[in-house]
Amino acid sequence: VPHDPLLVSLFSDLAAMAEQQQFHLLLGNLMSPDNSVRKQSEEMYDNISGQTKITFLLQAVRDASAAEEVRQMAAVLLRRLLSSSFDETYPHLSPDMQTAIKTELLVGIQTETSPSIRKKVCDIAAELSRNFIDDEGNNQWPEVLKFLFDSVSSQNVDLRESALHIFWNFPGIFGNQQQHYLEVIKRMLVQCMQDQENLQIRTLAARATASFVLSNENNAGLLKHFADLLPGILQAVNESCYRGDDSVLKSLVEIADTAPKYLRPNLEAVLQLSLKLCADTNLTNMQRQLALEVIVTLSETAAPMLRKHTSIVAQSVPQMLAMMVDLEEDEEWAMADELEDDDFDSNAVAGESALDRIACGLGGKTVLPMIKQHIMQMLQNPDWKYRHAGLMALSAIGEGCHQQMESILNEIVNFVLLFCQDPHPRVRYAACNAIGQMATDFAPTFQKKFHDKVISSLLQTMEDQSNPRVQAHAAAALINFTEDCTKLVLEQVVTSIASVADTAEEKFVPYYDLFMPSLKHIVENAVQKELRLLRGKTIECISLIGLAVGKEKFMPDAAAVMQLLLKTQTDFNDLEDDDPQISYMISAWARMCKILGNEFQQYLPVVMGPLMKTASIKPEVALLDTQDMENMSEDDGWEFVNLGDQQSFGIKTAGLEEKATACQMLVCYAKELKEGFVDYTEQVVKLMVPLLKFYFHDDILSGSAESMPLLLECARVRGPEYLTQMWHFMCDALIKAIGTEPDSDVLSEIMHSFAKCIELMGDGCLNNEHFDELGGILKGKLEEHFKNQEVRQAKRQDEDYDEQVEETLQDEDDNDVYILTKVSDILHSVFSSYKEKVLPWFEQLLQLVVNLIGPHRPWPDRQWGLCIFDDVVEHCSPSSFKYAEYFLQPMLQSLCDPSPEVRQAAAYGVGVMAQFGGENYTPFCREAIPLLVGVIQAADSKSKENINATENCVSAIGKVMKYRPECVNVNEILPHWLSWLPLNEDKEEAVHTFNFLCDLIESNNPIVLGPENTNLPKIFLIIADGVANESVKREDGCSKRLANVIRQVQVSGGLWTECVSTLNETQQKAIQDLLNTA
């Protein structure tokens, strides 16, 4: 080994050079088209430590002698490394190394001759600065700020461009100094936007301004201050579009999406420009669609603001319709075998989607008048493309213009049906599309009102044998079927029969024998590969018909159908993963399970394999930063969720729908088969629990949540130990999901399931950590509830507030209240399981629940607040009395509340106080009686909206008489109470009243029976009505007692005749039913 220091340093330099050469080779191989070479290189790259990577990558980027693509690759990898692993790598470098990197980057930007490498080095510098902002907002790299200031005013255009590029990439680069430098930033941007000699500087300055605005979207003062830069952005949009660059236009779309208020001062100009670009056929389709996207996005993010400019919006409607007319003549269309989706980026599809969104965004009140005339004119145009577009437009606006179209649906349907006979097949196709869409948008009214018209019109369309592609619509068309009919028409007919059966339900029974033999014939004989879809759809159709007509009618065929399904299932192992039959089979099995009930259990061993395989599909996912995303497009089947901070999550959507269907089917089996499903609970639980974190698909998440209590119920038969193990496996995941799920529909499903699980598992199912976490989450939900209400109140003061905004706020309010009901569900399950010992835990929520019942809160808050206190009284008494000061007076006052829902919650509260509260509540029960009587005797107490509250008052008085008779003059109240029976709406409370009635009769209460039993006919009437209205069910204990009362009267002939003679036919039948079953 040489000892000469010069030689040592030479050797180490040579070694370093050799290593660097090796690294360049590695980078080249990472781009190799050969998969195995690439995979091997990726493994080698992953094994190099982070610190070494940083040094090597930076050297490669700065090595002017290396190949351009190697340097580009190194730059991309270095930015990724800083983006994803900064904390694991950078701080561990020596201080000298850290300084060297910062210096190298800034020198690199100034000396680099290749524009694309320079841009990438700017990206690295921006990424590094992003990581240098500390918790106080200080940028720990002051040199980069000095570099920005120096470069932006430099004579060198490349440096000006670099400074703008870094600022565009990371507009938060000034950290807590931003306010201090605000004027400088503004001046710098204005100056660059006015650079007459360099288009790229003007363009980049506009993008950088947009980026800065977006990163300060919530800073109203700043947006106002920068409003005068918007005309410059618009000028750059216009200029760059005509030079084939749509990057500034994309920035404008982002502003419309995220910071629409910024556009307000110049909204007219924004809309005029978007309209002009959209209408200019010299631009590319993509640019025109992006320009339209600005208007459409604003209709979603700032509808009230846009509604003040309806004249311009009205001018955009013909643009959308013109795009929809942009169709190709296609000789092959009529005979094409596949129903291809039209090219998804075509103008026709973009126009249709824009129309749909703008109708939903601005509402039918605004949009329908704008579009009605245009559609009518288009439908009368001799050119088929216009008629086609008119019908497609009608389909597109149905959801948004729902209310306005509903009133004129009759005329619309009559008009559309005329086009089922249009001379051009694609117009007939569009007419069928419109009918199908309206059937969805206006269900079930549409089916009920227009059944005959639509079916007969579609039957005529079936004569059209020369155009197999025109949808074959009507079920009865099967009869017209000829031998040489193509499979496409068969597929459509089978689908149509299925949907008719699904809608008609038992009315389909007369047609059953007409169709079933042909359908079974298809499943037996359509075995060729190209007939797989037909076979799958036919299997679906048979199962839908079975469900529609019911077990009795279907049973003779059920065994044969099951054999056919089993045969397909056993061939399943040979099916390819993307075989279309799979998803139809999975749904068909679940319907068969619903039809056959427990008899289905024997087929589970065959069904569960493929079902679990499909439910276990693992989609391909990737964590990307925003710039990598530009290389991946959504048309390759990727969808992206923006995680903020320049990162996005990508997921490949193939197989997701099938996975969702399979999860729903597992829920169905657990629900239908209960303990019959027990053998599969363990594997299903292991599959479902991790899916509570499956954020890419709401149905999968909801299915996972819904399955939890059902699986516990299935597993009960295995005994408490097995059940507890299963619950422990779910519990943490459920609580975490409640804390993190952002979507309110899915959240309410998870909360509902969690509450059901606790009811099922009972006392002891939650440990202290669970309670701590749950308490924190519920507290958060209640606090958020109040905060959201404040935000909505503020929106009502906004200058753009109008009645449509109010509708949106109402929807948000409904969502919030729905979550509140689920908070109440969870508390109910905790109180009913844990009783009084849970009260100390509840105290952290006490003040928030007290706030709910304050006199100025909206009625749903008061309703649900009272329900929570009702549960406290019902399940945690007598200790509940220590909170009486908080809820007793509000509850009394609520008995006379204008809102029936609040009265009902208060009346129920009085009932549970009497029944469970203990003697502390006696004075309160006494005070409540006259108020309850007042509610019952009010003029409209029996009206539809009041009846439930009234019946709860009747039941509450019954409970006070039964459990706290000292609070009330029973003899005085009883005759009135009898006259208020039976309760028909609130079945649970009806049972309480009937039980008390039995107590009174069995104890021969003279007031109830009347002198000489003269009240018995009246009692018979009450019992008969109760049975007829199903307020008394055979499983209720009181049905036996009531039957005994009747049997006692039966033995005394005269009295029996007198009692029965006052009853009508329905009531007599009800008495007979009671005697037969109880």
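A crossing is left-handed if the near helix is turned anticlockwise from the far one by less than a right angle. The model discussed here is predicted.

Q: What is the handedness of the crossing of H17 and H18?
A: Helix H17 spans residues 310–324, and helix H18 spans residues 347–362. They pack at an angle of about 150°, with their axes 7 Å apart. The crossing of H17 and H18 is left-handed.

Q: How many residues of the contact of H17 with H18 are nonpolar?
A: H17 brings residues including Val 313, Met 320 and Leu 321. H18 brings residues including Ala 348, Leu 355 and Ile 358. The contact also has three polar residues and one charged residue. The nonpolar residues number ten.

Q: How far apart are the axes of H44 and H46?
A: Helix H44 covers residues 947–963, and helix H46 covers residues 987–1002. Their crossing is left-handed. They pack at an angle of about 40°, and their axes are apart by 9 Å.

Q: How many residues of the contact of H44 with H46 are charged?
A: From H44 come residues including Asn 952, Lys 959 and Lys 962. From H46 come residues including Glu 989, His 992 and Asp 999. The contact holds two nonpolar and five polar residues. The charged residues number four.

Q: Which residues does Val 970 touch, not counting residues up to four places away in sequence?
A: Val 970 lies in helix H45, which covers residues 970–979. Val 970 and Val 960 are ten residues apart in sequence, and their C-alpha atoms are 9.3 Å apart in space. With residues up to four places away in sequence left out, Val 970 touches Met 961 and Pro 965.

Q: What percentage of the residues of the protein chain counts as buried?
A: Buried means under 20% relative accessible area. The chain exposes about 49,500 Å², and carbon and sulfur atoms supply 50% of that area. The chain has 1078 residues, and the buried share is 53%.

Conventions
Residues are numbered from 1 along each chain as its sequence is written. This is a predicted model: local features need pLDDT of at least 70, side-chain atom pairs count only at pLDDT 80 or more; totals for chains, interfaces and linings use all residues. Side-chain values use heavy atoms; hydrogens and water are left out. Helices (H or I, at least four residues) and strands (E, at least two) are DSSP runs, numbered from the N terminus. Contact means heavy atoms within 4.5 Å. Axes are lines fitted to C-alpha atoms, for helices over the stretch in contact, and angles run from 0 to 180 degrees between N-to-C directions. Ala, Val, Leu, Ile, Met, Phe, Trp, Tyr, Cys and Pro count as nonpolar, Asp, Glu, Lys and Arg as charged, and the others, Gly among them, as polar. Buried means under 20% relative accessible area, exposed over 50%, partly exposed in between (1.4 Å probe, protein chains only). Accessible areas come from the Shrake-Rupley method with a 1.4 Å probe; for residues, only the protein chains shown count as cover.
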